[in-house]
Amino acid sequence: MTVSDVRTGPLRRAVAPLNARWHRISLRVFMVIVLAHWAEHIVQAVQIYVLAWPIPEARGLLGVPFPWLVTSEWLHYGYALIMLTGLILLLPGFGGRSRFWWQMSLLIQVWHHFEHLLLLVQTFSGAYIGGAAAPTSLVQLVIPRVELHLLYNTLVFIPMVVAMVRHTWPTERELEEMDCDCAVEERA
């Protein structure tokens with residue numbers, strides 16, 4: 001196998017359209033997923049801090065009719081994995097300034113994913129960090145879970161938005177290097 005084979009392997013060929021002709025739609029679909037999840041955390045925070053609901057009852061929009069959604073570590077881990085996968089798969093479509101911000105989002109999500117993996121492992125092992133009564137992430141030892149997950153999702157979201165704005169309005173040099181049609185055309 002040559003270096004050229006690795007660069008043009010089946011996975012790379014499958015991902016290439018996501019970062020070229022399908023990049024704009026891929027980013028939009030990914031952003032809808034991200035915003036829907038983030039909205040759930042925001043609604044949960046409103047339920048706690050504005051409506052004064054007890055934390056166990058504050059489950060976001062979908063968690064009220066489907067309480068198992070909030071308590072399922074598998075679901076939370078799955079979302080963290082989807083986020084990580086999306087950030088990795090869509091990274092090749094970014095260049096210049098936008099790539100830096102997308103990578104920042106990716107780095108934060110790598111940690112967020114690790115924390116969810118740690119929670120999932122504790123769920124299956126029954127051994128909880130620090131002798132806690134429930135699965136606990138490392139940063140959760142300092143910041144309560146509701147606030148922490150809202151914070152993580154915000155910290156991942158902000159650099160994603162900066163990356164997408166920079167990608168949508170690239171410099172001339174960045175525009176020349178783009179394989180997608182995400183850039184907004186200047187109108188006279």
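Predicted model: local features only at pLDDT ≥ 70, side-chain atom pairs only at ≥ 80, totals over all residues.
Now step back to the whole chain. The secondary structure amounts to 9 helices and 0 strands. Its order along the sequence is therefore simple to read under the DSSP assignment: the pattern is α-α-α-α-α-α-α-α-α. Taken along the principal axes, the C-alpha atoms fill a box of roughly 55 × 50 × 30 Å. The chain has 188 residues, and 38% of them count as buried.

How far can the model be trusted, residue by residue? The average pLDDT of the chain is 90, and 94% of the residues score at least 70. Helix α7 has the highest confidence, at 97. Helix α1 (residues 3–7) has the lowest, with a mean of 45. Residues 1–6 have a pLDDT below 50, and this stretch makes 2 contacts in the model beyond near neighbours in sequence.

Next, take helix α6. Helix α6 covers residues 73–90, 18 residues in total. From first C-alpha to last, α6 reaches 26 Å, close to the 26 Å expected at 1.5 Å a residue. Which residues of α6 are buried? They are Glu73, His76, Tyr77, Tyr79, Ala80, Met83, Leu84, Gly86, Leu87 and Leu90. These buried residues pack against four helices: α3 (23–49), α5 (68–71), α7 (96–125) and α8 (145–168).

Glutamate 73 forms a salt bridge with arginine 145, and the closest N and O atoms are 2.8 Å apart. Glutamate 73 is in helix α6 and arginine 145 in helix α8, 72 residues apart, so this pair links distant parts of the chain. Glutamate 73 is buried, because its relative accessible area is 9%. Arginine 145 is partly exposed, because its relative accessibility is 25%.

The model holds 4 salt bridges by the rule used here. Side chains of opposite charge can pair when their charged atoms come close. Another of these pairs is local. Arginine 173 bridges to glutamate 177, with 3.6 Å between the closest N and O atoms. Both residues lie in helix α9, 4 residues apart, which is about one turn of the helix. Arginine 173 is exposed, because its relative accessible area is 56%. Glutamate 177 is partly exposed, because its value is 48%.

The loop between α7 and α8 holds isoleucine 129. Isoleucine 129 is partly exposed, because its relative accessible area is 21%. What does isoleucine 129 touch, leaving aside its neighbours within four places in sequence? The contacts are Leu118, Gln122, Thr136, Leu138 and Leu141. Leucine 141 is 12 residues from isoleucine 129 along the chain, and their C-alpha atoms are separated by 8.7 Å.

Finish on the surface. Ile42, Val46, Tyr49, Val50, Leu51, Trp53 and Val64 form a nonpolar patch there. Together these residues have about 630 Å² of accessible area. One of them, tyrosine 49, is found in helix α3. Tyrosine 49 is exposed, because its relative accessible area is 53%.

Conventions: Residues numbered from 1 in each chain as written. Heavy atoms only, no water. Helix = DSSP H or I, 4+ residues; strand = E, 2+ residues; numbered from the N terminus. Expected span 1.5 Å × (residues − 1). Buried < 20%, exposed > 50% of the residue type's maximum accessible area, 1.4 Å probe, protein only. Contact = heavy atoms within 4.5 Å. Patch = residues over 30% accessible without salt bridge, like charges linked within 9 Å, V, L, I, M, F, W, Y side chains within 5 Å. Areas by Shrake-Rupley, 256 points an atom, 1.4 Å probe, with all protein chains shown as cover. Salt bridge = Lys/Arg side-chain N within 4 Å of Asp/Glu carboxyl O. pLDDT = per-residue confidence, 0-100.
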